[in-house]
Amino acid sequence: MSPIISFLDHPLAMLNFVMGKKDMLHDAMMLRAANILMKERYSRSEAEKYIQEIHKGDFIPMNRIEGVTLPGNRPDHLFGKFLYFIIRCAKPEVMIETGVAHGVSSWTILNAIHKNGKGKLYSIDLPNLDLKSYNPQNLSQQSGWAVPDTLRQHWELQLGSSQELLPKLAARLGKIEVFFHDSDHSYENMMFEFNTVFPFLNPNALIISDDVHKNESFRHFTSGKNLSGFQFLTKGGAAVL
Ligand SMILES: C[S@@+](CC[C@H](N)C(=O)[O-])C[C@H]1O[C@@H](n2cnc3c(N)ncnc32)[C@H](O)[C@@H]1O
């Protein structure tokens, strides 16, 4: 069973959080996550530098439409910060993501890959932004439209269902270093995706998932494979091979 990383572990940071200063708590939780996932494979001083990049908002801007705030995992809340931070720490050559929507999480990850100076993100999404709750303004753009051209040199986006595309993509790439699930959060689909990529994961590969609280799949999968990891109190989780 994965431990839960929560504010209760960081009472001083929690006090700051209550006074409106969220950063200290988020920083402490990210460093704790890196300790669990990366162990001796990351440098604390480098990790602190990556946290400063987040504080400064040091990112290549995303494509925008005036007056529209896009939903998605960007580094202004804990899980989006964690995504950027852990990709900076892990520096994967090969990473797969399922679930792109407008491209906000892809943009976050690609900014980290861009700063790493190496690596490629392979993303899968259904075409046409078909998820109603993720497209409240009914934008007619294609999935991933928010990712700017500068970041696309590190990106391959495939349109179709993960059931159809993920087995072929995983087999083609092999040696996957990070897998991130954020597509259909049904138990069956999450188990399907985790089990599909598992044989192609590198030693020390990371499995990251948004919305692990929605069903038992992440806990069942990680305990079934005896993986160590964690989940944030609400929202996402991550495990290491
Ligand atoms: C929660 S949104 C992704 C949000 C994105 N990761 C972010 O943080 O900006 C879920 C996305 O999963 C896609 N999706 C749903 N079912 C899918 C499936 N079976 N295969 C591939 N993509 C799927 C939807 O089209 C939608 O764009």
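Residues are numbered from 1 along each chain as its sequence is written, and side-chain values use heavy atoms, with hydrogens and water left out. Because the model is predicted, local features need pLDDT of at least 70 and side-chain atom pairs count only at pLDDT 80 or more, whereas totals for chains, interfaces and linings use all residues.

**Fold and cores**

The protein chain contains nine helices and eight strands, where helices (H or I, at least four residues) and strands (E, at least two) are DSSP runs numbered from the N terminus. Of its 241 residues, 55% count as buried, that is, under 20% relative accessible area, with exposed meaning over 50% and partly exposed in between (1.4 Å probe, protein chains only). Among contacts in the chain with a separation of 6 or more, 73% join residues 24 or more positions apart, a contact being heavy atoms within 4.5 Å.

The largest nonpolar core has 50 residues, of which L37, F82, F85, I86 and I208 touch the most other members; such a core is a set of buried Ala, Val, Leu, Ile, Met, Phe, Trp, Tyr and Cys residues joined through side-chain atoms within 4.5 Å. Elements that each supply at least two residues of this core include helix 2 (23–38), helix 4 (78–90), strand 6 (201–209) and strand 8 (237–240). Apart from this core lies another, of 23 residues, among them I124, F179, M191 and F194.

**The ligand shell**

Around the ligand are 19 residues, and N73, G99, S105, S162 and D182 come nearest; a residue belongs here if one of its heavy atoms lies within 4 Å of the ligand. By class, this shell has six nonpolar, nine polar and four charged residues, with Ala, Val, Leu, Ile, Met, Phe, Trp, Tyr, Cys and Pro taken as nonpolar, Asp, Glu, Lys and Arg as charged, and the others, Gly among them, as polar.

| Residue and its N or O atom | Ligand atom | Distance |
|---|---|---|
| D182, side chain | nitrogen | 2.6 Å |
| A101, backbone | oxygen | 3.1 Å |
| L126, backbone | nitrogen | 3.4 Å |

Taken alone the ligand exposes 610 Å², and the protein buries 94% of that, with areas from the Shrake-Rupley method and a 1.4 Å probe. Helix 5 (104–116) and helix 7 (162–173) are the elements that give two or more residues to the shell.

**Single residues**

K81 is found in helix 4 and counts as buried because its relative accessibility is 6%. Not counting residues up to four places away in sequence, K81 touches D23, H26, M30, I54, R74, P75 and D76.

F192 lies in helix 8 (residues 187–197) and is partly exposed, at 28% relative accessibility. Beyond its neighbours within four places in sequence, F192 is in contact with S162, Q163 and P167.

K175, in the loop between helix 7 and strand 5, has a positive phi of about 40° although it is not a glycine, and at 62% relative accessibility K175 counts as exposed. N204, in strand 6, has a positive phi near 65°, again in a residue other than glycine, and N204 is partly exposed with a relative accessible area of 38%.

Conventions. A polar contact is a pair of N or O atoms within 3.5 Å; within protein, one must be able to donate a hydrogen and the other to accept it, and residues adjacent in sequence count only if both atoms are side-chain atoms.
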